[in-house]
Amino acid sequence: MNQLPMNQLETASGGKMSKIIVANWKMNGSNAFINTFFQKLTPKSPHKVVFCPPYPYLSVVSSHIKEYHYYLGAQDCHTNNAGAFTGDISAEMLIDIGCQYVILGHSERRQHHQETSDIVFKKSQMAIHTGLTPIICVGETLNDRNTKNHLDVVKQQLIQSIPQTTTPLIIAYEPVWAIGTGLTATLSDIVEMHQMITTHCQHKDKVLYGGSVTTDNASEILSQPNVDGVLVGGASLKPEMLNTIIE
Ligand code: PGA
């Protein structure tokens, strides 16, 4: 099993964890975009930076991030590792082309591809079995929060989406109403939710926040005690913004 990325979270100076910054490019990018992007990206960071471009660009992004010692992740994988599944991509293929991470159960997949927590559970199992570190996304809708069901909803997603494993996982808390909207959860809401998630996970697991993370809010979100990193969508497509967030 390839656990290298998680094992490397310890710094040389006494075991303090560095933060994890995941760039989720969603369905954006092109060869031309990637060339320009990496000309503007500031090299090297003490943090773990994971690039998750669309499948066709995984290899080209992989060749760009080598010099930065950054990591490669995909945005989904199938529950099976091979077979008659037209249009799908397996965890084994992702490992084969150099991925270490895979985002699973993103709310856009739960919403547009009817992915249930049960499917996310099976995908996570396969990812772990194959040697990928899954970044498992959970998060409540605005209605869940307004009706004060947010903690229960996310707790259920955790119970149903995360397989029993000793492998360290990454959980991304992404309130659905904060994704791509410019709205962000308050710091106390983030701390409250991360606290609940932490009690339901192994102590080795990492918990990220995602949802309209920008240069304006990244540093205060990242400075919260139980926030191990951020999952960044829109802002990760702007090299200047990503540089600032990473710094
Ligand atoms: P956003 O997306 O930063 O554009 O809100 C985050 C995500 O969906 O992972």
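Q: Where does Gly98 sit in this predicted model?
A: Gly98 is in the loop that runs between α4 (91-96) and β4 (101-104).

Q: Why is Gly98 called partly exposed?
A: Its relative accessibility is 30%. Buried would need under 20% and exposed over 50%, so Gly98 at 30% counts as partly exposed.

Q: How far apart are Gly98 and Ser62 in sequence and in space?
A: They're 36 residues apart along the chain, and 7.4 Å apart in space, going C-alpha to C-alpha.

Q: And Ser117, why does that one get called buried?
A: The cut-off for buried is under 20% relative accessible area. Ser117 comes in at 8%, so it's buried. It belongs to helix α6 (residues 117-130).

Q: What is Ser117 in contact with, once neighbours within four places in sequence are left aside?
A: Arg110, Gln157, Gln160 and Ser161. Contact here takes heavy atoms within 4.5 Å.

Q: What makes β4 a strand with both faces covered?
A: Look at the two sides in turn. Tyr101 and Ile103 are on one, Val102 and Leu104 are on the other, and all of them are buried.

Q: How do you know that β3 and β4 pair?
A: Pairing takes at least two bridges, and strand β3 (residues 71-74) has two bridges with β4, in the parallel sense. So the pair passes that test. As for who meets whom, Gly73 has Tyr101 as its bridge partner in β4.

Q: What about β6, which strands does it pair with?
A: On one side, four bridges link it (residues 170-173) to strand β5 (residues 133-138), running parallel. Four bridges also join β6 to strand β7 (residues 206-210), again parallel. Two would do for a pair, so both links count.

Q: Which way do the residues of β6 point?
A: Ile170 and Ala172 go one way, Ile171 and Tyr173 the other, and all are buried.

Q: What makes the sheet a closed barrel?
A: Eight strands run β1-β2-β3-β4-β5-β6-β7-β8 with parallel pairing, and the barrel is closed. Neighbouring strands are turned by 25° against each other on average, ignoring direction.

Q: How do you know that helix α11 packs on that sheet?
A: Helix α11 (residues 239-246) touches β1 (20-24), β2 (48-52) and β8 (229-232). Its direction makes about 165° with that of β1.

Q: How much space lies in the largest pocket, and what lines it?
A: About 380 Å³. There are 13 lining residues, with Lys26, Met27, Gln75, Arg109 and His113 nearest the centre. Helix α5 (residues 107-112) gives the most to the lining, with three residues. By class, the lining has four nonpolar, five polar and four charged residues.

Q: And how does the second largest pocket divide by class?
A: That pocket has a volume of about 220 Å³. Its lining has six nonpolar, four polar and one charged residues. Among the residues lining it are Leu158, Ile159, Pro163, His200 and Asp205. Asp counts as charged, so Asp205 belongs to that class.

How values were computed:
Residues are numbered from 1 along each chain as its sequence is written. This is a predicted model: local features need pLDDT of at least 70, side-chain atom pairs count only at pLDDT 80 or more; totals for chains, interfaces and linings use all residues. Side-chain values use heavy atoms; hydrogens and water are left out. On a 1 Å grid over the protein atoms alone, a cavity is a set of points where a 1.4 Å probe fits but cannot get out, and a pocket is an open set with protein on both sides within 12 Å along at least five of seven lines; lining residues have an atom within 4 Å of a point. Grid points are joined across faces, edges and corners, and a volume is the space filled by probe spheres set on the points. Axes are lines fitted to C-alpha atoms, for helices over the stretch in contact, and angles run from 0 to 180 degrees between N-to-C directions. Buried means under 20% relative accessible area, exposed over 50%, partly exposed in between (1.4 Å probe, protein chains only).
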